[in-house]
Amino acid sequence: MSSAYGAGCAVSNGSINHQAQLPTETVSADEPKLTAQWARVRGRLQTEVGDAEYRAWLRHVALVGIDGDEVTMRLPTRFLRDWVRSHYGERLNDLWRAEDDRIRRVDIRVGAGAPPARAAIPEAETPELATQDLPVREMPARAAPARVEERAEVRSDAALDQRFSFDSFVVGKPNEFAHACARRVADHPASQGFNPLFLYGGVGLGKTHLMHAIAWDLMSPSRPGGAISVAYMSAEKFMYKFIAAIRSQSTMEFKEQHRSVDVLMIDDLQFLIGKDATQEEFFHTFNALVDAGKQIVVSADKSPSDLSGLEDRVRTRLGCGMVADLHATTFELRISILEAKAARTGVPISGKVIEYLAHKITSNIRELEGALNRLVAHANLFGRAITLETTQEVLHDILKAHDRRVTIEEIQRKVAEHWNIRLTDMSSARRARAVARPRQVAMYLAKQLTSRSLPEIGRKFGNRDHTTVMHAVQRISSLMASDVGFAEDVELLRRMLEG
Ligand code: ADP
Ligand code: MG
């Protein structure tokens with residue numbers, strides 16, 4: 001999401017303000033000059049990505065034409081279009097610009113055959129959708145959803161990811177609170193109790209996605225009350241811009257820019273730790289905006305109170321609105337996310353494979369998504385169905401990294417915690433059912449989840465005989481078969497240990 005302008009900040013305004021437009025000039029795909037340019041763009045791309053990748057993804061890209069500052073290309077399927085857009089969009093943009101520096105946008109549409117170049121090109125931005133010409137880098141106003149479907153644009157200057165919308169955000173237990181807060185801010189910015197909104201959580205759990213979703217909603221012209229101006233940037237960009245402003249003696253401009261928006265969003269605030277001058281500036285900006293009744297949204301990897309190194313006054317102000325965390329994913333959420341994402345790819349993926357992935361890739365949603373994308377790419381490349389075997393083969397390296405070795409000690413600890421017994425009872429001689437049953441579960445799980453032999457397991461449970469372990473394994477298996485509730489308990493423990 002790096003920007004061609006280095007500012008990394010998105011500003012949009014609902015007020016009508018015509019952007020300086022280039023004189024519209026339409027060039028159809030069969031014009032010799034354009035044909036030559038297109039051949040060069042393709043050639044460069046092929047050299048860069050290699051033959052196999054080019055054949056798999058890029059061979060089908062066809063040029064429609066150039067309209068003013070916009071190049072339009074097309075691909076036969078939505079899947080291919082989305083793939084090319086997300087993986088080669090920026091590069092295509094750069095290559096086209098290298099050919100013609102007036103080009104500002106690259107549009108890839110879905111379409112078969114060769115439609116007449118001109119007729120198919122939609123109108124350029126309507127005046128209502130034009131963005132305000134603020135000194136901060138402009139954010140193209142969001143097209144209505146239907147329009148996004150029809151003409152997915154690739155803009156090298158897009159600071160916000162089009163895919164990160166509320167629609168594509170899958171809600172589950174671990175993120176429902178954060179999601180509800182984000183929705184609330186998107187619907188009623190700067191409302192009491194939700195300002196600032198502080199979202200926190202580990203990497204890849206959806207902080208940036210939610211922030212972009214809020215921004216898209218606020219900038220939507222179809223929003224009740226009209227679009228409002230939003231500045232979104234990472235804390236690093238904020239710092240970078242601030243330092244640049246000091247160097248160029250334009251700090252007043254910097255201040256004005258950031259204090260003139262309706263909503264300021266700073267992503268990954270933890271990067272401001274230890275940057276005292278920038279923190280100071282952020283603090284003043286923050287206060288000025290809140291005092292003026294504007295909304296602030298901040299994300300970080302930790303809660304305000306755990307962000308050590310943050311000045312106390314900043315911490316206090318950050319915590320005085322709504323603080324919402326994104327928890328680690330659960331098995332259920334991973335399943336829902338995989339199902340939603342798989343449905344979007346249009347490639348059939350069986351429930352078995354989805355369950356397998358949700359089981360194995362537990363770190364975060366980004367990795368889960370990465371694994372799924374790789375599978376889909378593979379399936380498309382080789383035209384093969386996705387089976388459990390191909391999944392294991394294709395994701396070999398990812399799965400290996402996740403194949404954490406569970407230790408018997410860990411199993412004992414988790415099981416003891418679960419049934420609220422003492423850890424020492426795992427190896428004690430006590431035979432009361434309340435203690436003996438969990439101990440058997442721990443032995444069963446040790447057999448299932450580790451490669452230890454029965455005698456080895458027995459030794460770890462107070463030097464018990466291997467026949468005792470064998471008996472435990474059989475007993476728990478048959479109990480699980482007859483008691484659904486108990487089986488769920490054991491499965492839950494297994495998942496927690498494998499995660
Ligand atoms: P973070 O900013 O917390 O590190 P991101 O917001 O960048 O994480 O999310 C990582 C990836 O996972 C993104 O591609 C995002 O779209 C996806 N993702 C995260 N949470 C969800 C969710 N609840 N539903 C769908 N996709 C999600
Ligand atoms: Mg992020």
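This is a predicted model: local features need pLDDT of at least 70, side-chain atom pairs count only at pLDDT 80 or more; totals for chains, interfaces and linings use all residues.
1. A quick word first: a residue is called buried here if its relative accessible area is under 20%. By that cut-off V61 is buried, because its relative accessible area is 6%. You'll find V61 in the loop between α2 (51-58) and β2 (62-67).

2. Now for the ligand. There are 18 residues around ligand 1, and V170, G204, T208, H209 and E369 are the ones that come nearest. Start with those five if you are opening the structure for the first time.

3. Which backbone atoms sit by the ligand's nitrogen and oxygen atoms? On the nitrogen side, a polar backbone atom of V170 is 2.8 Å from a nitrogen atom of ligand 1. On the oxygen side, G204 has a backbone N or O atom 2.7 Å from an oxygen atom of the ligand. L205 belongs in this list too, with a polar backbone atom 3.3 Å from an oxygen atom of ligand 1. Taken on its own, ligand 1 has 560 Å² of accessible area, and the protein covers 94% of that.

4. Where does the shell come from? Three helices each supply at least two of its residues: α6 (207-219), α11 (331-345) and α13 (365-382). Seen by domain, at least three shell residues come from domain 2 (176-326), and at least three from domain 3 (331-401). So if you colour the chain by domain, look for both of these around ligand 1.

5. Next, have a look at the stretch between α7 (235-247) and α8 (251-259), where S250 is found in the loop. Q249 lies in that loop between α7 and α8 as well. Is S250 buried or exposed? S250 counts as buried, because its relative accessibility is 18%, and the cut-off for that is under 20%. Q249 is exposed, since its relative accessible area is 74%, with over 50% being what the word requires. The side chain of S250 also makes a polar contact of 2.8 Å with the side chain of S248.

6. Q249 has a phi of about 50 degrees, which is positive although the residue is not a glycine. D268 is another non-glycine residue with a positive phi, near 55 degrees. D268 is placed in the loop between β8 (263-267) and α9 (276-291), and counts as partly exposed because its relative accessible area is 22%.

7. There's also a cis peptide bond to check, the one joining N195 and P196, with omega at about 0 degrees. P196 lies in the loop between α5 (176-187) and β6 (197-201).

8. Last, a helix. How far does α17 reach from its first C-alpha to its last? This helix, residues 433-449, spans 24 Å over its 17 residues, close to the 24 Å expected at 1.5 Å a residue. It is mostly covered too, with 13 of the 17 residues of α17 buried.

Key
Residues are numbered from 1 along each chain as its sequence is written. Chains are lettered from A and ligands numbered from 1 in the order in which they are written. Side-chain values use heavy atoms; hydrogens and water are left out. A residue is near a molecule or strand if one of its heavy atoms lies within 4 Å of it. A polar contact is a pair of N or O atoms within 3.5 Å; within protein, one must be able to donate a hydrogen and the other to accept it, and residues adjacent in sequence count only if both atoms are side-chain atoms. Accessible areas come from the Shrake-Rupley method with a 1.4 Å probe; for residues, only the protein chains shown count as cover. Helices (H or I, at least four residues) and strands (E, at least two) are DSSP runs, numbered from the N terminus. Domain bounds come from an automatic or database domain assignment. The expected span of a helix is 1.5 Å times one less than its number of residues. Buried means under 20% relative accessible area, exposed over 50%, partly exposed in between (1.4 Å probe, protein chains only).
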